[in-house]
Amino acid sequence: MEKIAKKTIIVYVLKVLYNYTSKENTATQTFIANYLSDIGIVCDRKTVGRNIKYLIEMGVPIKKSDKNRNGYYYDRTNDKFFKNVSGGM
């Protein structure tokens, strides 16, 4: 398996949250770490947590679930992040 740079893990965390989560279908840090490991991207739960924190600080609309306090989801209803990124190009 090809080794990836540690700094690219944040992109994969974003991809999982964007493609596979919703308010009704959240993902825990452990689930994301296990999913990434299953596809050959080795990281632990704490790494996922740090990356989620960085993404939120950057303005990515990632929310913590009300009912599952450990679950996160990509909030498409407030998605100004990708609009801002693509709007300037």
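Predicted model: local features only at pLDDT ≥ 70, side-chain atom pairs only at ≥ 80, totals over all residues.
Local features require pLDDT of at least 70, side-chain atom pairs count only at pLDDT 80 or more, and totals for chains, interfaces and linings use all residues. Residues are numbered from 1 along each chain as its sequence is written, and side-chain values use heavy atoms, without hydrogens or water.

Helices (H or I, at least four residues) and strands (E, at least two) are DSSP runs, numbered from the N terminus. Helix α1 spans residues 9-20. Its twelve residues reach 16 Å from first to last C-alpha, close to the expected 16 Å (1.5 Å times one less than the number of residues). Ile-9, Ile-10, Val-13, Leu-14, Val-16 and Leu-17 of α1 are buried (under 20% relative accessible area, 1.4 Å probe, protein chains only). Viewed down the axis of α1, the buried residues fall within an arc of 160°, so they line one face of the helix. The arc is taken from the directions from the helix axis to the C-beta atoms.

The largest nonpolar core has 20 residues. Such a core joins buried Ala, Val, Leu, Ile, Met, Phe, Trp, Tyr and Cys residues through side-chain atoms within 4.5 Å. Val-13, Leu-17, Ile-32, Leu-36, Ile-52 and Ile-62 touch the most other members. Two or more residues come from each of α1, α2 (29-38), α3 (45-57) and β3. The most come from α1, which gives six.

The three strands form an open sheet in the order β1-β3-β2, with antiparallel pairing (pairing requires at least two DSSP bridges between strands). β1 (27-28) and β2 (62-64) are the edge strands, each with a single partner. Two bridges link β1 to β3 (residues 71-74), and Thr-28 lies opposite Gly-71 in β3.

Note on methods:
Buried < 20%, exposed > 50% of the residue type's maximum accessible area, 1.4 Å probe, protein only.
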